[in-house]
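We will go from stop to stop, selecting as we go.

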Amino acid sequence: GDVEAAAAEVPGVASGRVVAFGLPDDADGTEHLVVVVEQDPASTELPAVIALRVRAHVAQTCDCTASDVRVVPPRWLVKSTSGKVARADTRAKYLRDVH
């Protein structure tokens, strides 16, 4: 939650359109932090610039490092019927996209 709140404060990130989740790394037994943010439709920043900002802000605010920050287009995140971001479904979509 803290990571998502921090990422949402970054300019260029769409308000409330942030998901953070851990991916277990079997190789070293740790968990990688992944942050997926939707770009604000009004933002003209390059996604790479937004990703760098998110990574830096999360590191400063939460004292943790994101292994991956993915900036996705508007409406990419999966929403549940109640309108909340569906974390598990978004995680599955991210994993499908990566491989």
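Select Ala 8 first. Ala 8 is partly exposed, because its relative accessibility is 29% and partly exposed covers what lies between buried (under 20% relative accessible area) and exposed (over 50%), found with a 1.4 Å probe and protein chains only. Ala 8 sits in helix α1. Here helices (H or I, at least four residues) and strands (E, at least two) are DSSP runs, numbered from the N terminus.

Which residues does Ala 8 contact, leaving aside its neighbours within four places in sequence? They are Val 13 and Val 18. Contact means heavy atoms within 4.5 Å.

Before going on, two notes on the model. It is predicted, so local features need pLDDT of at least 70 and side-chain atom pairs count only at pLDDT 80 or more, while totals for chains, interfaces and linings use all residues. Residues are numbered from 1 along each chain as its sequence is written, and side-chain values use heavy atoms, with hydrogens and water left out.

**Zoom out: the whole chain**

Colour the protein chain by element. It has three helices and three strands. From the N terminus on, the order is α-β-β-α-β-α.

How does the radius of gyration of the protein chain agree with that of a compact globule? A compact globule with 99 residues would have a radius near 13 Å, and the protein chain has 13 Å, which agrees. The radius is taken over C-alpha atoms, and the globule rule is 2.2 Å times the number of residues to the power 0.38. Along the principal axes, the C-alpha atoms fill a box of roughly 40 × 35 × 25 Å.

Of the 99 residues, 38% count as buried. Look also at contacts with a separation of 6 or more: residues 24 or more positions apart account for 58% of them.

**Inside: the cores**

Select Val 35, Val 37, Val 54 and Val 58. The largest nonpolar core has 18 residues, and these four touch the most other members. A nonpolar core is a set of buried Ala, Val, Leu, Ile, Met, Phe, Trp, Tyr and Cys residues joined through side-chain atoms within 4.5 Å. Elements giving two or more residues to this core are α1 (2–8), β1 (13–25), β2 (30–39), α2 (47–62) and β3 (68–72). The largest share, five residues, comes from α2.

Keep Val 54 selected. Leaving aside its neighbours within four places in sequence, Val 54 is in contact with Ala 7, Val 10, Val 13, Val 35, Val 37 and Val 69.

There is also a second, separate core of nine residues. Select four of its members: Val 19, Leu 23, Val 36 and Leu 77. In soluble globular proteins, nonpolar side chains tend to be buried together.

**Next stop: Phe 21**

Phe 21 is in strand β1. Is Phe 21 buried or exposed? Phe 21 is buried, because its relative accessible area is 5%. Leaving aside its neighbours within four places in sequence, Phe 21 is in contact with His 32, Leu 33, Val 34, Val 36, Arg 87, Arg 91 and Tyr 94. Then select Gln 60, which is 39 residues from Phe 21 along the chain. Their C-alpha atoms are separated by 18 Å.

**Two loop residues**

Go to the loop between α2 and β3 and select Asp 63. Its phi is near 55°, a positive value in a residue other than glycine. Asp 63 counts as exposed, because its relative accessibility is 73%.

Move on to the loop between β3 and α3 (87–98), where Arg 75 has its place. Arg 75 is not a glycine, although its phi is positive, about 70°. Arg 75 is exposed, with a relative accessible area of 71%.

**Last stop: Thr 61**

Select Thr 61 in helix α2. Thr 61 is partly exposed, with a relative accessible area of 45%.
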